[in-house]
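Student: I've got this model open and I'd like to talk it through with you. Can we take it one question at a time?

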Amino acid sequence: MASHTFLSLLLFYLYSFHLLRPIYCSFGSNGFETTSVPKEEEFSEELLLKPLPDYKVLAHFHFTSTSPPSSSNGKHHHLFPKSIAQLVKKYKIRELELSFTQGRWNYDRWGASDPLSTANGKPPGVELWALFDIPTKEEIDATWRNLTHSLSGLFCASINFLESSTSYSAPLWGFLPNNGDLRYGALPREAVCTENLTPWLKLLPCRDKAGIASLLDRPSIYRGHYHSQRLKLRSDGLNGIVIEQTLSVVLQPIDRTSWSMHQLFKKSLTGKCALAKSSKVFLEIEGTLVSQNENILELVGEADMVTNDQRDHSTIYQYNVERYSEHEALDIRVNWKKLLQVSFLQAPLHASRFLMGSGNERGSIAISLQSARNSTKGLYDNSKNCFTRVVIFQVVPWYVKVYYHTLRIYVDGAIRDAKDVVEKINVAPSEDKVSPGTLEMMLQFPCGMMSAALTLDFDKGFLHIDEYPPDANQGFDIPSALVSFPDFISRRIYPDSISSPLLQSYKGRNIVKSYTEVLLVPLTTPDFSMPYNVITFTCTVLALYFGSMVNVLRRRVSEEERLAKSKDKRKPGLIPLLISKISNKVRGIKEDSANQSQSSQPILGPKVVFKVVLIALIAVLGHYIFNSS
Amino acid sequence: MEVAEVEAEVEKKATATRSRLIVRLAALLVSHSTLVSVVCCLAGLIALLVLPLLAKNTYISENALLPGSANPVLSYQHVTQANNLIMDIMSIADVKEAPDIEIPKLIAKYMEILGAETYHHKFSQPQNQFHPLYFFSSSPNSPPTLANLSYGTSTVGIIRAPRGDGKEAIVLVSPYNTQNAGGIDASASASSIGLAFSVFSLLSRATWLAKDIIWVASDSRFGDHTSVSAWLNDYHNPNFIGDASSNRIFKRAGTMACGIVFKVVEKERREKYEDRDVVTMYAEASNGQMPNLDLLNVVHYLAVHRQGIRVRIGMFGGLVKSHLVRVLGEVMQQVGRFARSLNPDWRFEMPSSEYVEGTATLASSIYSQALGVPTGPHGAFRDYQVDAVTLELSPRFSLKNEHTRLAFLLKGGRLIEGTVRSVNNLLEKFHQSFFLYFLTAPNKFVSVGVYMIPFAFLVAPLPIIAASLFNLTSNRNPWRWLHTAKPLLITHTWSVVVTLLPFYISKISDLPSTHCMLTWAGGSLMALVILYIVFGSPYSKHVEWRLLKAVMIASVSIGLCLMSIINFATAQIGALFVVPMCLFALPIRVKTNNSLIRSMVMTCNLVMAVLGFPVTAVALMQGVIKGFGTVSILEFWDSMKFLWGWNSATYLYLVLVHLPCWLLFLHILFHPCH
């Protein structure tokens, strides 16, 4: 009996492990698993400031709320947003990430392979993906549709456009390894504004009335060069629900050489949110800025703690917000002593995507990968084998009909057989007006490669007339592709003395990835004032054509001649008779001679022309005289 | 078939007493074909001459452009920075030994200071080869080979719009010549770079940008067009194969919304005193394509109403002085005045001087479109369906003086800033239907609906004449035209051979152009003789001259209509030559009653036989436009080479439509009339 119980327990354990495996592979590493199971709801707020090499400043707000798996209060919550909890419960969401982004993350200058930029770089517009805890595909699709509508209402955005099956896809491993329960959709055209921020702030216990969120002065943060607002949630039986709300803005200080928090946000940080468990501000100085010359940057203000990352020598200055009050606001000030051009850690390959060709008929999508040679020294996990793996995930709307067999791969200026380079590929071709095309591709490039390029040809499809935007449009968007490098892990390990959910998430094994540009495909745009003209013209031409065609086909020439002969004998109809009488009277011709003259005279006889000209002349002269008098 | 139908109807008319109205109308037209054709041709000519009166004022039809709604913010600070760059370029040109390497470096350095992404684009001179089958193709350039030692280097800088999504870009192009860096107009050349830099430095700080900005400082050592076209080709059709591509950095910025090419040209002191800075707009791209009129309107509006710069467009100076045009202008003025006195609502009175200028501008507009050769580097953009315009700015005072240079840069910079800002406002493509137009003044245009009328009048009599000729023939068989199809086929086969000959001539030899011309002529003659030997003489028993003429007219009208779709202006000018030829053609040996009319028609025929020959026709056109002193018939080869170098469809028209028409005309002229 005991052995039975033991076996079943073991089975159960294995089974549960199997179920949770994909999470462990991907996100189990994001630092969540290390947190001990909390007894009650918790909230913590953090802000990370980071000077960027082009004298801009990255401000990264990070709010974490956790809810224990079984709330002691039943359906009631103290701190945790109820709407999110309901969402998770109703749609059985395992993981979800929603991002609103405006502007582009500059991978060249702001870094591409450190955890912060890997997490911050998001495609322009809205991106939403979710993992569901639902077995069948149909149910997942239905749930996804409902979820988009709920989120759309919750965040005042048109996320509901992701409901249509033409706009979302179900990648298997290109985006995130999963068992087919992942749905991914992006709206590159969605504009981001305060109306999206306000509902996002409502999820925070203190909103923006107190604590770090009070720094969020709308004009200041929307003036930035990059603005990405995210909500990421994860729920499972062990940890309950965890939501991370992050907002990353890249701001341009007015004075390039020196900035302070007050100058950046036009507000002062006067204290923590009373409900927050911890409230901290970090200042991270990248290793490259420090190691070259210690005196490039000068900090004004006393930090509570200074720690270094174990590998990259990035330095973290920690400020505890609870120490500050209205009398003494926290104001970190940084002065650049020397202006210099440095760049942060680059991704192993710099990816860019562009369209080739011109015209309305066809074109090609090209993804070009350029090696960033000098930066590879900063990356690790590379010494094992001499192949760099690159995963490309790309969703293409159906009206861009990609021919996947035309995939051509160029490595260092020579065309390569796809078999040699492609390690794994998964293609879901698009279906007109049903589903978008999805391409997941794992490529293997030699380490010494300098550049590579991939091209895919496509035809531009025709939309139905009501699928066009009402006015002449700019073109249609192809959402950003995701290029990730599974061999390259971005992580930073800080001493355990800092307990911070933000820095904890740095510890995870995050894969280096970057999003490419959104592409604009100009499709054939009908001039919508033209249909009227076209319809009129075509109808006229068709009517003329069919009229004469039918006429020719049904006409019997001999019969008509016979008819005409018999008609001659008969009397003409009343109206023609009248007309001929009147015309004869006008002409002054006797009735008996009318028939002869009719056949011999052309319609425009010289007399008629003369009369018409005479009358016209009289009219013109009369008008002239009348006007001049 | 239609002709046969009409003819059948006419026959029937003799027997049946009544037939349908439309048929009777057609028969009426055909029976009065001479009157109709004379009236139509005259109406066509008059309509052509009246076009300047019918021109409408331009207006900005796209509201989103909002030109001039924001005050220009380009300040002296930007201009002074630009001036430093100009001074640096000038000093490099004076001192350094290799300005073609140093100047791109210098420009790149200045761009990088602004925070732009920069790279150099190297290109070589394309082989100007004749590809008869590459007409209308968008990418005439073969992949560049950097093997030759001589290559140009353009410097490209990109500003990413701070909050933009990078889907669209506005391209600024400023050509400069490194080879001539120390030359006479060096200060003007450097000033175009300076002008671009001042705008670029402003835009690099602009927070309102929605589209990325690309500045191409193009090296114009092989001509302005070559560098821009090479860069655009690499932008749209990159070549991934080869060593050069792996090392080359080429950055892009999305779909191009618009291209603005500007250069500063310091002209010699003209006799006419200029009281303002002048900007000259060039818009004609290959094969008569035009950018959207809104783009020109924005530039014109900003230049005239905001910056006080005078706007000019291409104009034939010779026509302004021509007495004929002046007399026409006077007549038009009188007619307009008379019409107005009849009815005050008829306001097409126009001062004769304005008419003369309008005519000269319209002639230039039609001619540039008809030639099918772009008038500037903007033509390269149009090949990729991007609207672009070339602005040539010429200052009022000399650029040697620093103060006047700064003031000029400020004005020009603000003009370009305003244009960029307008295009940046655009949420959609340029889509309003103004792509087909002629300009009669910088702010007046003739729309397609109006300028089609003269052409329609000119072409309308052709089918009528053909039908009437068909009726007049003695043979009553409805398929009788088939006999004349043979000479027509021979002529057109010959014209195809003539079209393709230059390809082989240019391939086999490095002959001077006179020799090439003679080879071409000889080859063509030989081809004609061979075709006649193979297919037999065109004057067989069944070939009546009337039928031949009818068939010729039919083929010509098809050719003209097809050409009017490809390049309307070419068809318009071609119709002026071809239509009289079609109407007047009469065999020398034909017997008529009226000897006076016959002798007049014969004289006309002989004159047309000479003038209608494509070689003389081209010489005549160029003579009318540029003055007869410079024209020589032997330059025909060069002008044809010029045409096919630019992939102009005008070449095809000349050889495939005009030449067969002329040959058939000769056939009719020397018809034996048995």
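Predicted model: local features only at pLDDT ≥ 70, side-chain atom pairs only at ≥ 80, totals over all residues.

Student: How much area is buried between chain A and chain B?
Tutor: Start with who takes part: 46 residues from chain A and 43 residues from chain B are in the contact. In chain A, R104(A), F354(A) and Q474(A) lose the most area to chain B, together 15% of what that side buries. Carbon and sulfur atoms give 51% of the buried area, which is about 3,800 Å².

Student: Which element gives the largest share of the side of chain A that touches chain B?
Tutor: Several elements of chain A supply at least two residues each, among them β15 (349-356), β22 (451-460) and α13 (557-569). By type, the residues on this side divide into 18 nonpolar, 17 polar and eleven charged. The largest share is four residues, and they come from α16(A).

Student: Is N605(B) buried or exposed?
Tutor: N605(B) sits in helix α21 (residues 595-611) of chain B. Leaving aside neighbours within four places in sequence, its contacts are F584(B), A585(B), L586(B), F665(B) and L669(B). The cut-off for buried is under 20% relative accessible area. Because N605(B) has 0% relative accessibility, it counts as buried.

Student: What percentage of residues 572-590 of chain B is helix?
Tutor: An unreviewed UniProt entry places a "transmembrane region" at several spans of chain B, including 448-472 and 572-590. For residues 448-472 of chain B, the end C-alpha atoms lie 37 Å apart and the span is 96% helix. For residues 572-590 of chain B, the end C-alpha atoms lie 31 Å apart, with 0% strand, and the helix share is 68%.

Student: What percentage of the residues in chain A is buried?
Tutor: The secondary structure of chain A comes to 16 helices and 26 strands. Of the contacts in chain A with a separation of 6 or more, 77% are between residues 24 or more positions apart. Out of 629 residues in chain A, the buried share is 49%.

Terms used. Residues numbered from 1 in each chain as written. Chains lettered and ligands numbered in written order. Heavy atoms only, no water. UniProt positions renumbered as here; feature names shortened; annotations may be inferred. Contact = heavy atoms within 4.5 Å. Buried area = accessible area lost by both parts, 1.4 Å probe. Nonpolar A, V, L, I, M, F, W, Y, C, P; charged D, E, K, R; others polar. Buried < 20%, exposed > 50% of the residue type's maximum accessible area, 1.4 Å probe, protein only.
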